[in-house]
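The sequence and the structure are shown first.

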Amino acid sequence: MLKILYHDTFLAVAVKPAGLLSEGEGKDCFPALLTEELRKLMGKEAKLYTVHRLDRDTEGIMVYALTSSAAAKLSADIAEGSWNKIYTALLWGTPKENSGRLCDLLYYDRSRGKSFVVTRERKGVKKAVLNYSVISSNERTTLVKIELETGRTHQIRVQFASRGLPLCGDRRYGAPAESGRSLALCACRLSFRHPETGEGLEFEIEPSNIQSI
C-alpha cells in the first residue's frame, strides 16, 4: 500500500518507492498507482500534475498538483528555489571533510543515460550545487545528509562519485558489488508553501532503503 502523507483538493504528498518512475502512466509509474489510491480516498478520479521528479531508483517524498493552477504555482516556487529538499545517502568511502559544499558543471548524456562532471561551460552543461554533512561513518561507508541548491539529473550520484565516493548500490556510477544491490539514496525531507493558502508545509520520512551503520 502506498504511503500518502497529505492530500486535499489542490495537491497530494506521497512516498515514492524505489524502482518506480516519478512520471508517466504505465504500471511501473508512480502516478498511476497514486491516482488509484487517491480515487479510493477521495471517492473521485484525481488528475495528477507532475511538478518535480526523482530518479527511478530513488525513494522519497513526491508532491503532485491536483489542479493546473496549483501546478503553475508549485512550479514557479521550485523555479524560484523556495523549496527545501533534504536527502540521506550512504556513501562508499569517507569524505575528507565532515561537511562541505560541492560545486560542479554537469552534462547529462541522454544516449548513455548518465551525467558527467565537465570542466567548461557549453550547450547542455548546467551548474550543480549541494551541501552535505556527515551523520555517521565506519571503516567502509559514510551516512550523509544532503541539501540541494540545484536539481540536476543524477546530481547527488555523480557529484559524489566524481570524488571517489559513489553511493552504495549505485553500479552506474562505480559503486562496487559489495556495497549493496539497491541505491542508498532517499529524499527524506521536503518543505514548501501550499499553492493555495501559502501555509508552510514540511514532511519527513525515515529511509527504508538505507541500512543503518
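## Strand E10 and its partners

Lys-85 has Leu-190 as its bridge partner in E10. This pair belongs to the antiparallel pairing of E5 and E10, which runs over six bridges; two strands pair if DSSP finds at least two bridges between them. The model is predicted, so local features need pLDDT of at least 70 and side-chain atom pairs count only at pLDDT 80 or more, while totals for chains, interfaces and linings use all residues. Residues are numbered from 1 along each chain as its sequence is written, and side-chain values use heavy atoms, with hydrogens and water left out. Strands (E, at least two residues) and helices (H or I, at least four) are DSSP runs, numbered from the N terminus.

E10 also pairs with strand E11 (residues 200–204), antiparallel, through five bridges. E10 is largely enclosed by the rest of the structure, because seven of its nine residues are buried. Buried means under 20% relative accessible area, exposed means over 50%, and partly exposed is in between (1.4 Å probe, protein chains only).

Strand E4 (residues 59–65) is mostly covered, with seven of its seven residues buried. E4 and E10 run parallel and are joined by two bridges. Glu-59 stands opposite Cys-186 in E10, and Gly-60 has Ala-187 as its bridge partner in E10. Strand E2 (residues 11–16) pairs with E4 in the antiparallel sense over six bridges. Strand E3 (residues 49–50) is antiparallel to E4 as well, with two bridges. Ala-65 of E4 is the bridge partner of Leu-11, and Tyr-49 also stands opposite Ala-65.

Thr-58 is in the loop between E3 and E4. Is Thr-58 buried or exposed? Thr-58 counts as buried because its relative accessibility is 2%. Leaving out residues up to four places away in sequence, Thr-58 touches Lys-16, Pro-17, Ala-18, Leu-183, Leu-185, Cys-186 and Ala-187; contact means heavy atoms within 4.5 Å.

Ile-146 is in strand E9 (residues 141–148) and is buried, with a relative accessible area of 0%. Not counting residues up to four places away in sequence, Ile-146 touches Lys-85, Ile-86, Tyr-87, Ala-89, Leu-130, Asn-131, Tyr-132, Ile-156 and Phe-160. Between Ile-146 and Asp-8 there are 29 Å in space, C-alpha to C-alpha, and the two are 138 residues apart in sequence.

In soluble globular proteins, nonpolar side chains tend to be buried together. A nonpolar core is a set of buried Ala, Val, Leu, Ile, Met, Phe, Trp, Tyr and Cys residues joined through side-chain atoms within 4.5 Å. The largest such core has 29 residues, and Ile-146, Ile-156 and Phe-160 touch the most other members. Elements giving two or more residues to this core are E2, helix H1 (30–42), E4, E5, strand E8 (125–137), E9, H3 and E10. A second, separate core has 25 residues, including Val-15, Cys-188, Leu-201 and Ile-205.

## The largest pocket

The largest pocket holds about 1300 Å³ of space. On a 1 Å grid over the protein atoms alone, a pocket is an open set of points where a 1.4 Å probe fits, with protein on both sides within 12 Å along at least five of seven lines; lining residues have an atom within 4 Å of a point. Grid points are joined across faces, edges and corners, and the volume is the space filled by probe spheres set on the points.

The lining has 43 residues, and Arg-53, Gly-151, Arg-152, Thr-153 and His-154 lie nearest the centre of the pocket. Helix H2 (68–80), strand E5 (84–92), strand E6 (99–109), helix H3 (155–161) and strand E10 (185–193) each give two or more residues to the lining. Which element gives the most to the lining? E10 does, with five residues. The lining divides into 17 nonpolar, 12 polar and 14 charged residues. Here Ala, Val, Leu, Ile, Met, Phe, Trp, Tyr, Cys and Pro count as nonpolar, Asp, Glu, Lys and Arg as charged, and the others, Gly among them, as polar.

His-154 is in the loop between E9 and H3. With 8% relative accessibility, His-154 counts as buried. The phi of His-154 is near 60 degrees, a positive value in a residue other than glycine.
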